[in-house]
Amino acid sequence: MLTPTEGLHLLQNGDILQLGQMANAVRQKKHPGKTVSFIIDRNINYSNICSNECRFCAFFRRADHKDAYVLPMSEILAKVEETVAAGGTQVMIQGGLHPDLDLPYYLHMLATIKEHFPVAIHSFTATEILYMAQKAGKSVKATLLELQAAGLDSLPGGGAEILADRVRKIVSPKKIMTADWLNVMETAHSIGMESTATMVIGLGETLEERIDHMEKIRALQEKTGGFRAFITWTFQPGHTELGGKKTSSWEYLKTLALTRLYMENISHIQGSWVTQGEAIGQVTLACGADDLGSIMLEENVVRAAGTAYQMSIDKMVKLIEAAGFEAAQRDTKYNILRRF
Amino acid sequence: MQKNNTAQQKAANGERLSFEDALELYHGADLLDLATWARAAKQKKSGQNIYYNVNRQINLTNICTALCPLCAFSCEAQDKQAYVLEKEAVIRLLQQTAAKTPGLTEVHMVSALHPTKDFSYYLNIVAAIKETLPQVHLKAFTPVEIVHFSEISGQSVEEVLRQLQAAGLDSLPGGGAEILDDSVREIICPKKARTADWIHTIKTAHRLGIPTNATMMYGHIESIEQRLQHLFTLRDIQDETGGFQAYVSFPFHPANTELSHLARVTAWEDLKMIALSRLILDNIDHIKAFWMMLTQPIAQLAMAFGVDDLDGTVEEEKIIHAAGAKTKTGITKAEIIEMINETGYIPVERDTFYHEVNNGKSGLPAAEVQD
């Protein structure tokens, strides 16, 4: 395993092609063969009302804003139904920190969905979990156990942003800090609820902070083994208070390759067509990624920041095949469901 | 790195490739291996330099007798988007550009095959551009247009080129090559210059001391063999004349063309073709990535795949955007420099002949332009 110093050295001085090739060798060792997987799912953003007001977010609204909304249960169910009808196997339900929605609301939501549809519920970020627990006056573990019993299958890795409190205090001062995020993940893994992990780059973090982020995830993975995949996103500055420049694809690909090299104990690396576009998404397959995430029947958060790439099953399959790989639809646990 | 077949070995050693080698590499080589070899080839030609220039596109007219199925830009005279720029309008545009961009070093002018404009229209525009901006390089007219001028004027290609050269034409952009295979041209551009005409025009230009670029438009109906053969045709011409300055490939943009049922090839293919072209065209100095065609992220990445030229800042491109390109129609010098700096290469502003232009004092001093 790379040490943090070695990781930093590679991130600072590594050659893009060499990093890509080394990462690809690790990917081949972990997942020999040509399969590149993806999932069909839908993001359901049940509400955009959020008291966190992060400066990098273009999606949230204050409760009194004219565009503020909470989806009625019937609409959430209709969206799940459409997802299942389109061959989807997963929903990713995420909202903000809504001051008036409590744990029973979420438990009811999960139970109702599970009652009607055989769909994997890969939902709620660590930030939302902690907020639910605090509002309910319960421990994170008790909260997660209740959510699990109601139907929550796994946690997406969102909300990690960059696990460096220096940066978090600038870009999302009201959002949970590093230790909380890691604690929610560790607790979830301890009750058999697996998750993914993410990293957002371009928030003003140093390269050391990026390595530190990877190190924290890798260390927790050594302990729990509960992270199924690691996903790097680039901050989308459009329409956000933070603003600034987009991280280049050059930088993104180098970082992505390094995540493959650094996190040997995590099985899958996802390439992000959602933040990088399908062209760079495809190129990630040469740089260590073995999965292209979801075709996302609906996505609102990145779109709110002015980035809207379109994907379909057909397009995804062609993209993978044109790179010389074999496309496969997977489920949330990375079991292959269908080949094309 | 030890490679287990001859083609990969040759590519890794920087040896000249045969057609069979190229085909083997296309089908068998790893993308990043190709990039590594192509980048080494680039390094030998241009070291750490990545070139760009400050140029402006002018498209005189979109009214065209060829109306190629591959084209989204051309139209007929009665169509509502039809336009023709007269000499005065061209000069006005250039004066505006020169005032705004004092460092302009090149005008890139390609157009349609207008049904009624005679050869003197083009000659007069060339002369007028040179008179207005005497120190700006004029790169204009594809071989397809030159063949058209020959037909409408009843003069030989050589005579047409001599007159344009005398009027002030400095070089040809080399477009219209598409795929140099008549069975392909019959379908994608049946009414325009054939393979032999294109080659003859290019060789004639080179003989007259008019340098050109070499191009390919790929990703439509051609086979991989036809695509690679095209590159070998260009290499053969270059062995004979040495007149190609740079090679640039254009992925076909199908939107709004008669071939819109085709899909745009993927970025993977673009990068692979860039690397292969650098490896095959061992006798052409520069490989250009046209950011407008590829998008900025892929053009930036192309610098790791053998490219040493990002073309220009390009003001107001029309033809590619008519085919649905979603890139900007121009970018600033600062943006290009930043793109290059991030890769660790050295940005070098060039003139059309790849001479370094001194930044800040490039091209015409502002005062002279306003004279």
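1. Two strands pair if DSSP finds at least two bridges between them. Helices (H or I, at least four residues) and strands (E, at least two) are DSSP runs, numbered from the N terminus. In chain A, 3 strands form an open sheet in the order β2-β3-β4, with parallel pairing. β2 and β4 (120-121) of chain A are the edge strands, each with a single partner strand, so one side of each has no neighbour in the sheet.

2. On the source: this is a predicted model, in which local features need pLDDT of at least 70 and side-chain atom pairs count only at pLDDT 80 or more, while totals for chains, interfaces and linings use all residues. Residues are numbered from 1 along each chain as its sequence is written, and chains are lettered from A and ligands numbered from 1 in the order in which they are written.

3. The pairing in the chain A sheet can be followed residue by residue. β2(A) and β3 (residues 90-93) of chain A pair in the parallel sense over 4 bridges, and A:Asp41 stands opposite A:Gln90 in β3(A). The path from β2(A) to β3(A) goes through helix α3 (residues 73-85) of chain A, a right-handed β-α-β crossover (with the strands pointing away from the viewer, the path from the first strand over the helix to the second runs clockwise). β3(A) and β4(A) pair in the parallel sense over 2 bridges, where A:Val91 has A:Ile121 as its bridge partner.

4. In a regular strand the side chains alternate between the two faces of the sheet. From β2(A) (residues 41-44), A:Asp41 and A:Asn43 point one way and A:Arg42 and A:Ile44 the other, and all are buried (20 or more other C-beta atoms within 10 Å of the residue's own; exposed means 12 or fewer, partly exposed in between; C-beta atoms are placed from the backbone).

5. Chain B holds a β-α-β unit as well: β3(B), helix α5 (residues 119-132) and β4(B), right-handed. Strands β3 (residues 106-109) and β4 of chain B pair in the parallel sense over 4 bridges, with B:Met109 opposite B:Ala140. In β4(B) (residues 137-140), B:His137 and B:Lys139 point one way and B:Leu138 and B:Ala140 the other, and all are buried.

6. Overall, chain A has 13 helices and 10 strands. Its radius of gyration is 19 Å, close to the 20 Å that the globule rule gives for 340 residues, so chain A is as compact as a globular protein of that length (the radius is taken over C-alpha atoms; the rule is 2.2 Å times the number of residues to the power 0.38). Of the 340 residues of chain A, 53% count as buried.

7. At the interface, 17 residues of chain B are in contact with 16 residues of chain A (C-beta atoms, placed from the backbone, within 7 Å). The elements of chain B that give two or more residues to this side are α3 (31-46), α11 (267-280), α13 (296-302) and α15 (333-343). α3(B) gives the most, with 5 residues.

8. The largest nonpolar core has 206 residues, and those with the most contacts inside it are A:Val283, B:Ala302 and B:Phe305 (such a core is a set of buried Ala, Val, Leu, Ile, Met, Phe, Trp, Tyr and Cys residues joined through C-beta atoms within 7 Å). α11(B) supplies the largest share, 9 residues. Not counting residues up to four places away in sequence, A:Val283 touches A:Leu253, B:Ala267, B:Trp268 and B:Leu301.

Key. Contact = placed C-beta atoms within 7 Å.
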